[in-house]
Amino acid sequence: MRYLSWIYLVACFIFILLPVGVLVVFSFQDGRLPVPPFNGPTLKWYAEITSDRDLMAALFNSLLVAAISSLVALLLGFLAASGLARVVLPGSTLMRALLIAPMTVSYLIIALGLLNYFNNIGIRPSLLATGIGHVVINLPLCFAILYAAMGEHQRNALRAARDLGAKEWQVLALVSAPMLAPALGAAFFLAFTFSWDEFIIAFLLTRFDVTLPVEIWSMLRSGLSPATNAVGSLVFLVSVAVVVLLELTLFRKVGK
Amino acid sequence: MTADVSITGVRQEFGDFTALHEIDLKIEVGEFVVLLGPSGCGKTTLLSILGGFLSPTAGAVKIGGKDMAGVVPRARPTTTMFQDYALFPHMSLLDNVAFGLRMRGMSRRERNAKAREMLDMVGLADQAKRRPHELSGGQRQRVALARALAVSPDLLLLDEPLGALDLKLRRQMQDELKAIQRKVGTTFVHVTHDQEEAMAIADRIVVMNQGRIEHCGTPEEVYLTPQTLFTANFMGEINTLQVRKAGQGVDSPLGALKLEPTNGTLCLRPENVGLSGPLDLGQAVLQDMAFFGSHLRCHFRPVTAPEMILTANLPQGTRLQTGDQVHLFGNSPVLIAEEAA
Amino acid sequence: MRIEAHEKKVGVTLVAPALLWTLAFFLIPFAAMVWLSFSHMEGRDIVPGPDFGNYIKIFTDDSLFRGIVVSLEITLTVTVISVLLAWPLAWIIAMRVPKRWQRLALMLAVLPFWTSYVVRSYAWALVLGQKGVVMDFLTGIGLLAEPIQIMATRSATVIGFVHFFVMLLTLTIYANLVQLSPNYMRAAQDLGASAWQTIRLVVIPLTLPGVITGAFLTFVLCIGDYITPQILGGNNELTMPQLIMLQLGRRGDFPMASALSVVLMAIVTLAYAGCARWLRMDRV
């Protein structure tokens with residue numbers, strides 16, 4: 001039983017880590033195809049992708065869209081959660097349901113709806129259109145996280161602040177937001193990640209300026225290449241570095 | 001159905017930390033023993049060792065004369081009533097109570113009949129089909145008891161089972177626990193940090209502190225004649241006076257007292273300080289007084305030692321006013337020698 | 001009363017931006033899409049409905065109806081396999097791996113999350129290809145005489161999906177397992193249950209609500225995904241998202257794409273109705 005457990009664990013880890021391992025290893029392939037036998041290592045593919053203008057532009061676009069759309073989603077979600085956690089409005093349940101609703105719909109369907117809609121009202125496929133779409137998918141997430149984090153003690157602290165003479169915006173900025181800092185951080189982090197990695201909305205709603213996943217997609221059209229491995233590995237290594245850094249700094253403090 | 005327990009030289013270490021130092025304890029057949037102490041004193045560790053959830057670093061546990069070394073929980077003649085009850089939320093009360101019997105291969109009819117009998121004993125026979133989350137805290141506690149007793153253990157271990165209940169319900173459940181224990185005759189070992197609860201239910205109290213047994217005796221012995229200062233303090237409020245040998249008696253801040261010559265601490269519970277009694281404590285001035293229903297709680301300043309305060313619980317009808325000077329006497333004084341403290 | 005009215009005004013002001021956004025960029029586009037699904041194409045022009053032509057076609061045209069069947073088959077296969085693989089893995093990490101190593105084990109188990117979704121599918125294409133490491137290894141040790149075709153088959157799609165959802169489910173089931181009071185397991189053993197009986201009668205039922213929530217999530221994400229079947233499954237059999245994209249791309253048939261989307265939504269809603277009872281189950 002005990003041995004079986006360890007064998008299973010190792011087998012699962014091999015299955016889970018195999019594609020990433022292969023991806024990274026063959027990004028150093030000295031040859032045209034990222035398949036065995038392995039020749040190398042060489043860094044030439046990394047040199048190639050970092051000097052690829054389109055790719056670097058896509059990377060920058062992705063960062064921009066992710067940062068701005070996450071901030072907008074976070075702000076809208078924070079305001080809405082503050083409002084709904086504070087007073088019971090007629091139709092509160094309906095409002096909550098409506099705000100959460102986009103979470104239950106496939107990205108593809110959201111993208112299709114927006115594509116058709118934007119065609120009709122004259123918004124052209126662009127980074128702006130993509131950003132709007134990303135706010136739509138991330139707003140429910142931010143709202144849900146922040147609404148769940150606003151507990152009873154939070155409500156009492158806000159009452160106390162108002163009681164002591166703070167204006168509405170002061171309550172939100174000086175009491176509510178700092179108290180919710182961990183939840184705000186988590187929501188932003190998740191929203192950023194989702195936007196950064198989102199493909200289908202960006203694919204349908206961009207044309208000339210594209211995001212990184214869309215650029216990688218077009219690289220795939222030309223078949224297997226160590227250059228694609230290099231891009232994937234770079235994204236992977238940077239993400240892991242960020243996560244490890246967060247784990248060692250932020251979350252360690254929160255955990256203890 | 002019931003068995004005696006013997007614990008000899010049990011020691012438990014977690015890394016550098018010693019949770020239990022050489023515990024020796026004998027529990028009689030059918031006895032209701034309470035392990036009492038503050039959190040971290042090792043009482044729950046000792047209970048886990050009895051239940052088989054921990055293997056002691058050293059020492060032996062025998063239940064009904066059988067050595068329990070290496071015996072897993074499922075094979076032990078013990079069951080545990082957990083602090084959070086650990087009732088299975090996906091099973092009805094009946095299935096919960098019948099679980100242990102099912103594990104022993106009893107047929108569905110037989111085990112359901114027995115489980116109903118147990119639910120009847122705790123007064124929940126009409127709720128058999130319900131789920132645990134539909135019950136109140138007190139009811140859950142009863143189901144946990146019925147489940148643990150359904151398999152007729154020789155020894156029932158109770159891990160602060162009343163801790164989650166409110167005070168009134170707790171007092172009521174204490175009486176029920178005691179009555180059920182009398183009825184089934186199983187040996188009970190009960191862990192708590194509430195000394196009132198311990199006195200209400202125990203045949204014998206084992207006071208524990210920092211992994212050691214401080215005192216072991218009936219509630220009267222532990223409360224009235226504590227062997228250590230820790231026990232004296234833990235069992236209830238107390239006035240303490242440092243005393244030194246002086247001729248035929250002792251010397252204290254209140255002057256010479258007629259007590260056995262000892263160096264140590266004199267302990268007097270507030271209800272044992274009054275206006276009459278065998279031990280003369282001298283004159284004192286009433287500082288303040290509050291009405292507590294069953295008694296008057298008074299603070300006195302002894303004339304000979306105005307820097308100290310003596311607390312006394314006087315009978316309701318006592319007519320005194322703040323500033324009055326009275327003569328105080330002590331009853332049932334307890335002297336704890338220095339080396340024991 | 002006046003204080004209450006003021007409170008309400010502030011509340012509405014705070015909620016309004018998010019509501020308007022959702023209304024403008026989700027609800028109205030969605031409603032418009034549903035409306036469009038009742039139109040049809042004639043040549044390059046959209047003929048407004050309402051007519052049910054698209055829906056009739058979806059359920060009568062073999063190539064379209066096949067898409068629904070393929071999607072359901074793949075999604076159900078993936079969901080079942082992922083749960084069966086992830087549960088033991090989550091259990092081993094939660095119960096067998098020493099406490100201090102658990103966080104590390106969990107991070108390793110979800111490490112590939114941190115590469116891009118598109119790249120992850122691409123990586124499987126590398127691994128599973130005719131010349132990929134798996135075939136290289138299997139032919140190398142003599143288990144296979146020559147490479148077999150996995151890429152561009154349903155197996156490749158399923159493997160790619162299972163990989164992603166095993167990580168997701170391991171995470172949710174692990175979270176479920178560690179928040180169970182260890183006393184449940186102790187109580188079961190204390191009452192005479194063997195290790196296997198404890199798992200079967202106590203631990204599995206207790207994690208069931210979490211498993212079903214995770215399985216539902218898997219179902220929803222899997223049936224709506226375009227990337228994995230497109231990269232790994234190829235064009236031999238098409239899933240619903242692939243069909244939707246096909247309508248958009250080559251033919252510009254928005255009404256049909258919308259109708260297919262509505263059917264996809266309907267399937268998800270049915271799945272939700274099917275496990276709603278479980279998704280809300282209260283636990284003590």
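**Note on the interfaces of a three-chain predicted model**

1. Between chain A and chain C there are seven residue pairs in polar contact, both members of each pair being at pLDDT 80 or more.

2. The size of an interface is often given as the accessible area lost when the parts come together. For chain A and chain C, the buried area is about 7000 Å², with carbon and sulfur atoms giving 82% of that area. Salt bridges between chain A and chain C number zero.

3. How do the chains pair with one another? Two pairs of chains are in contact, and of these chains A and C share the most contacts. Chain A and chain B are not joined by any contact, and their closest C-alpha atoms are 17 Å apart.

4. Chain A itself consists, in secondary structure, of 12 helices and zero strands. Read from the N terminus, its order of elements is accordingly α-α-α-α-α-α-α-α-α-α-α-α. The C-alpha trace of chain A extends about 70 × 60 × 35 Å along its principal axes.

5. The interface of chain B with chain C draws on 26 residues from chain B and 18 residues from chain C. About 2000 Å² is buried between chain B and chain C, and 67% of this lies on carbon and sulfur atoms. Three elements of chain B each give two or more residues to the side that touches chain C: strand E6 (78-81), helix H2 (93-103) and helix H4 (137-150). Of these, H2(B) gives the most, with four residues. The side of chain B that touches chain C comprises 12 nonpolar, eight polar and six charged residues.

6. Which polar interactions does the model place between chain B and chain C? Eight residue pairs are in polar contact there, with both residues at pLDDT 80 or more.

7. Chain B is divided into domain 1 (5-233) and domain 2 (238-337). The centres of these two domains, taken over C-alpha atoms, are separated by 39 Å. Nine residues from domain 1 of chain B and eight residues from domain 2 of chain B take part in the contact between them.

8. Domain 1 and domain 2 of chain B bury about 690 Å² between them, 59% of it on carbon and sulfur atoms. Which residues of domain 1 lose the most area to domain 2 of chain B? They are B:Tyr223, B:Leu229 and B:Ala232, which together account for 60% of what the domain 1 side buries.

9. Across the interface of domain 1 and domain 2 of chain B, zero salt bridges are found. Three residue pairs are in polar contact across it, both residues being at pLDDT 80 or more. On the side of domain 1 of chain B that touches domain 2, helix H7 (219-224) and helix H8 (229-235) of chain B each supply at least two residues. H8(B) gives the most to that side, with three residues.

10. Confidence in chain B stands at a mean pLDDT of 91, with 99% of its residues at 70 or more. Within chain B, the lowest confidence falls in strand E13 (residues 255-257), at a mean of 84, and the highest in strand E3 (residues 32-36), at 96.

11. Chain C has a mean pLDDT of 90, and 97% of its residues reach 70 or more. Among the elements of chain C, strand E2 (residues 45-47) has the lowest mean pLDDT, 80, and helix H3 (residues 62-96) has the highest, 95.

How values were computed
Residues numbered from 1 in each chain as written. Chains lettered and ligands numbered in written order. Predicted model: local features only at pLDDT ≥ 70, side-chain atom pairs only at ≥ 80, totals over all residues. Heavy atoms only, no water. Contact = heavy atoms within 4.5 Å. Buried area = accessible area lost by both parts, 1.4 Å probe. Polar contact = N/O pair within 3.5 Å; in protein donor to acceptor, adjacent residues only side chain to side chain. Nonpolar A, V, L, I, M, F, W, Y, C, P; charged D, E, K, R; others polar. Domains from an automatic or database assignment. Salt bridge = Lys/Arg side-chain N within 4 Å of Asp/Glu carboxyl O. pLDDT = per-residue confidence, 0-100.
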